[in-house]
Amino acid sequence: MTAVLEVERLSKRFAAPGGGVIGAVNDVSFTLAAGETLGLVGESGSGKSTLGRCALRLIAPTEGRVVFMGQDISTAPESRMRAMRKHMQMVFQDPWSALNPRMTARDLIEEPLMLHTRLSRAERRDEATRLGLRVRLPAAMLDRYPSELSGGQQQRVCIARAIATKPALIVLDEPTSSLDLSVRAGILDLLAELKEETGAAMLFITHDLGTLKLMADRVMVMYLGRVVEQAAAAEVFDRPAHPYTQALMSAHLPADPSVKLARHVLKGEIPSPINLPPGCGFASRCPVALPACRDAQPPLDEVAAGHHAACIRVRDGGNRIDG
């Protein structure tokens, strides 16, 4: 498969209030192919959203490279990025905040068509109607303002707007977390259909493990700005290697209520991202940590075919936290 997005050793740091540096994203590398969905999961504050915004160059990385469709956009000027925006889109977590309340749903869907295509006004109107129907919004509903739509309908407008220019890459930042369960299911079904139809690469950011298992082809687990594990989705759920991933996956509720749960409750809080110390960031909470875990940052090594984990305990088999 052709790589749509290549991220190489990307880091993003911010100045901390009162001094110091916040390491929001630290030395992250991954590729994303056409038609593939990469699920990005981790606790709040792990750097998922920052990574997604860096991948789209909505914010500039501090270090590293972002290569989109073969072009290095890491330091590209905004004039050049404007021409590329039609090929990369984002669906945000809160649709209400993402939509201009003074514009109708139709105007919101037409906006990217006006900016990035040469369609006439009549053609844009027809295309907006088609896109609305594709995301299951009747034509009459397109003349409503966001305040007159439900949360699920608002998110459908956001999705219609995102696919309007037929992008090669869509970043979805927790697109269903603010929605009710029944509405969430409809949005996920829609996204699965659109993935098959468009062949777009998708970076799906979520903290919902059920959604992750349903949507992702591969999974990347982040902790304190670093990738601690990356593998096919089934591999991560069935054979998690990193102790943090094991604890995370133990919180997943299976569909079968008769399945016995084996929860791993972590003690302590996630360390501060300000002026990160050397060593594994998870060591202070890890039940199988050794003194050596605090000496140096463990590399993201291949522990099985296509399965990478950043844990030195994998070598001696001591990485399992279930005994």
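# Exercises: cavities, cores and strands

The largest cavity has a volume of about 80 Å³. It belongs to a predicted model. Work through the exercises below with the structure in view.

## Exercise 1: The largest cavity

Find out which residues line the largest cavity, and sort the lining by class.

Solution. 

Step 1. Count the cavities. There are two cavities of 30 Å³ or more.

Step 2. Find the lining of the largest cavity. H242, P243, C280, F282, C286 and A289 belong to it, along with C293, P298, A310, C311, I312 and R313.

Step 3. Sort by class. Ten lining residues are nonpolar, one is polar and one is charged.

## Exercise 2: The second largest cavity

State how much space the second largest cavity holds, what lines it, and which elements supply at least two lining residues each.

Solution. 

Step 1. Take the volume. The second largest cavity holds about 40 Å³ of space.

Step 2. Name the lining. V91, I159, I163, I170, L172, L191, L194 and M202 line this cavity.

Step 3. Assign elements. At least two lining residues come from each of α6, β7 and α7.

Step 4. Sort by class. Eight lining residues are nonpolar, with no polar and no charged ones.

## Exercise 3: The largest nonpolar core

Identify the residues that touch the most other members of the largest nonpolar core, and the element that gives the most to this core.

Solution. 

Step 1. Start with the members. The largest nonpolar core has 33 residues, and V157, I159 and L191 touch the most other members.

Step 2. List the elements. Those that give two or more residues to this core are α4 (105–116), α5 (121–134), α6 (151–163), β7 (169–173), α7 (181–198) and β8 (201–205).

Step 3. Pick the main contributor. α6 gives the most to this core, with six residues.

Step 4. Look at V157. Leaving out residues up to four places away in sequence, V157 touches L99, A105, L108, I109, L137 and L149.

Step 5. Look for another core. A second, separate core has 31 residues, including V7, F68, M81 and M90.

Step 6. In soluble globular proteins, nonpolar side chains tend to be buried together.

## Exercise 4: Helix α4

List the buried residues of α4 and say which elements they pack against.

Solution. 

Step 1. Read off the buried residues. In α4 they are A105, R106, L108, I109, E110, P112, L113 and H116.

Step 2. Find the partners. The buried residues of α4 pack against α2 (78–84), α5 and α6.

## Exercise 5: Parallel strands around β7

Is β7 mostly covered or mostly open? Which strands pair with β7 in the parallel sense?

Solution. 

Step 1. Check burial. β7 is mostly covered, with five of its five residues buried.

Step 2. Compare the faces. L169, V171 and D173 are buried on one side of β7, and I170 and L172 are buried on the other.

Step 3. Find one partner. Strand β6 (residues 88–91) pairs with β7 in the parallel sense over four bridges. Here Q89 stands opposite I170, and V91 stands opposite L172.

Step 4. Find another partner. β8 also pairs with β7 in the parallel sense, over five bridges. V171 stands opposite L203 in β8.

Step 5. Check the directions in β6. M88 and M90 point one way, Q89 and V91 point the other way, and all are buried.

Step 6. Recall the rule. In a regular strand the side chains alternate between the two faces of the sheet.

## Exercise 6: V135

Why does V135 count as buried? Which residues does V135 touch?

Solution. 

Step 1. V135 sits in the loop between α5 and α6.

Step 2. Apply the cut-off. Buried means under 20% relative accessible area. V135 counts as buried because its relative accessibility is 0%.

Step 3. List the contacts. Leaving out residues up to four places away in sequence, V135 touches R156, I159, A160 and L190.

Step 4. V135 and V314 are 179 residues apart along the chain, and 45 Å separates their C-alpha atoms.

Definitions and conventions. Residues are numbered from 1 along each chain as its sequence is written. This is a predicted model: local features need pLDDT of at least 70, side-chain atom pairs count only at pLDDT 80 or more; totals for chains, interfaces and linings use all residues. Side-chain values use heavy atoms; hydrogens and water are left out. A nonpolar core is a set of buried Ala, Val, Leu, Ile, Met, Phe, Trp, Tyr and Cys residues joined through side-chain atoms within 4.5 Å. Buried means under 20% relative accessible area, exposed over 50%, partly exposed in between (1.4 Å probe, protein chains only). Contact means heavy atoms within 4.5 Å. On a 1 Å grid over the protein atoms alone, a cavity is a set of points where a 1.4 Å probe fits but cannot get out, and a pocket is an open set with protein on both sides within 12 Å along at least five of seven lines; lining residues have an atom within 4 Å of a point. Grid points are joined across faces, edges and corners, and a volume is the space filled by probe spheres set on the points. Ala, Val, Leu, Ile, Met, Phe, Trp, Tyr, Cys and Pro count as nonpolar, Asp, Glu, Lys and Arg as charged, and the others, Gly among them, as polar. Two strands pair if DSSP finds at least two bridges between them.
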